[in-house]
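Here is a friendly walk through a protein model, written to be read with the structure open beside you. Take it topic by topic, and pick out each piece on screen as you go.

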Amino acid sequence: MDLREELEASLGELYSIEQEFGGGGMSRVFLAQEKSLGRRVVVKVLPKELTGGVNVDRFRREIVLAAQLQHPHIVTLLSTGQVAGVPYYTMPYEEGRSLRAHLRESGPLPIAEVVGLLGDVAKALAFAHERGVIHRDIKPDNILVCGGAAVVSDFGIAKAVSEAKDQPPPHETGESLTQIGMSVGTPTYMAPEQAAADPDVDHRADIYAFGITAYEMLTGRPPFCDSSPRKLLAAHLTEIPDPVLARRPDTPPALAAMVMACLAKEPADRPQTAKELLRVLEIVQAGEQRAARAQMQRGSLARQLALGLAALVAVSILARASIIAMGLPEWVLPAMLVAAVLIIVAVVGRAQGIARAITPIASARRRE
Ligand SMILES: Nc1ncnc2c1ncn2[C@@H]1O[C@H](COP(=O)(O)OP(=O)(O)O)[C@@H](O)[C@H]1O
Ligand SMILES: [Mg+2]
């Protein structure tokens, strides 16, 4: 029996399996219908190669911790169990696509979008870290973009898998241990302390992976792109990444500085909490909004001046024609021009006042 058949045999009463998603790196991912509630859920099953000899109790302990995370920017776990001795877990189906797919299609993202999505991820990290849960595998594949917002999936799964595998059965070879190493993080996004297999990895490893993900969103590529995992791990430990600003010059300097600080080799040199990241992102967002507002006002002022000039030309032609046709005295032309200028100044001033009054309302609504 293959895994899908085993899944249907064990879970058939609760779920009807509809299709398998491709691309699962450390799991097989299925779309299913939860029969009792008629809703779509995603069922993830860890592959046998990874979980051969898995300690299901330890896996459950970690997964129960992750299941406590209920937050708008975290994909909640719904249930967990075993199919043919292999752990599975379910979660809500999130309509949208992964940040990986989004980056593949759109390349480097606009600054405002980067700041918005990173803010969502930082909120998710702050919430989980305050509750003692580290993600350990932050990367674009584990961030789903739904309706313009980011939701982080697979919270605590990397830890659950590694805990479950901490005591591999004696028949396991070095090769499968390497596979386990791969499962507790992804080389491209792995913090130096994870790469060095430091047992005291803490939440600041997530802050490093957040920095790599942000760098990729801004520049289209992560800082270290070597194809061999070994060279990648060495790069995290020793290589200094190119500055973000060298690869994406229009990055707001505060954002570029934050991303580069996340990539510090020493955890103590990084921003220490996800809340710190949020504070910087809020400042950058406010700056972007101010710049957009100023640009809008500059644009509308130029438009109004052009209109005013056209009106002045029209008034002087009209006045000249009236002087000739109706025999009006010569002073009518300057008088009409002065009147026209006064009217234009009053109209432009009033329009700018209205624009200033409504802009903060519009930007506050966008923030909601
Ligand atoms: N909760 C979800 N809602 C919708 N699609 C999902 C969900 N979780 C995973 N997927 C889809 O399944 C694919 C593989 O999942 P992924 O998390 O990348 O697997 P793995 O963690 O094993 O690498 C994702 O790219 C995404 O398209
Ligand atoms: Mg994943």
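Helix α5, which spans residues 111-130, lies across β7 and β8. The angle between α5 and β8 is about 30 degrees. Keep in mind that this is a predicted model. Across the whole protein there are 14 helices and 8 strands, and buried residues account for 32% of the 368 residues.

- β7 and β8 belong to an open sheet of 3 strands, in the order β6-β7-β8, with antiparallel pairing.
- The edges of this sheet are β6 (97-98) and β8 (149-152), each of which pairs on one side only.
- β6 is joined to β7 (residues 143-146) by 2 bridges in the antiparallel sense.
- To find this pairing on screen, look for arginine 97, which stands opposite valine 145 in β7.

**The five-stranded sheet**

- A further open sheet has 5 strands in the order β1-β2-β3-β5-β4, and its pairing is antiparallel.
- Here the edge strands are β1 (15-21) and β4 (79-83), and each pairs on one side only.
- From one strand to the next, the twist averages 30 degrees.
- Helix α1 (residues 3-11) packs on this sheet and touches β1, β2, β3 and β4. The direction of α1 makes about 160 degrees with that of β1.

- β1 and β2 pair in the antiparallel sense over 6 bridges. Glutamine 19 has leucine 31, in β2, as its bridge partner.
- β2 (residues 28-34) and β3 (residues 39-45) are paired in the antiparallel sense over 7 bridges.
- The hairpin of β2 and β3 has 4 residues between the strands. In this hairpin, glycine 38 takes a positive phi near 60 degrees.

**Helix α3 and its buried face**

- α3 covers residues 56-67, which makes 12 residues. From its first C-alpha to its last, α3 reaches 16 Å, close to the 16 Å expected at 1.5 Å a residue.
- Which residues of α3 are buried? They are Phe59, Ile63 and Ala66.
- Viewed down the axis of α3, these buried residues fall within an arc of 50 degrees, so they line one face of the helix.

**The nonpolar core**

- In soluble globular proteins, nonpolar side chains tend to be buried together.
- In this model, the largest nonpolar core has 72 residues. Val121, Val152, Phe210, Ala214 and Val259 are those with the most contacts inside it.
- Which helix gives the most to this core? Helix α9 (residues 204-219) does, with 10 residues.
- Leaving aside residues up to four places away in sequence, alanine 214 touches Val114, Leu118, Val259 and Cys262.

**Contacts along the chain**

- Among contacts between residues at least 6 apart in sequence, 64% join residues at least 24 apart.

Technical notes
Residues numbered from 1 in each chain as written. Chains lettered and ligands numbered in written order. Predicted model: local features only at pLDDT ≥ 70, side-chain atom pairs only at ≥ 80, totals over all residues. Pairing = 2+ DSSP bridges. Contact = placed C-beta atoms within 7 Å. Axes fitted to C-alpha atoms, helices over the stretch in contact; angles between N-to-C directions. Expected span 1.5 Å × (residues − 1). Buried ≥ 20, exposed ≤ 12 C-beta atoms within 10 Å, placed from the backbone. Arc of directions from axis to C-beta. Core = buried A, V, L, I, M, F, W, Y, C linked by C-beta atoms within 7 Å.
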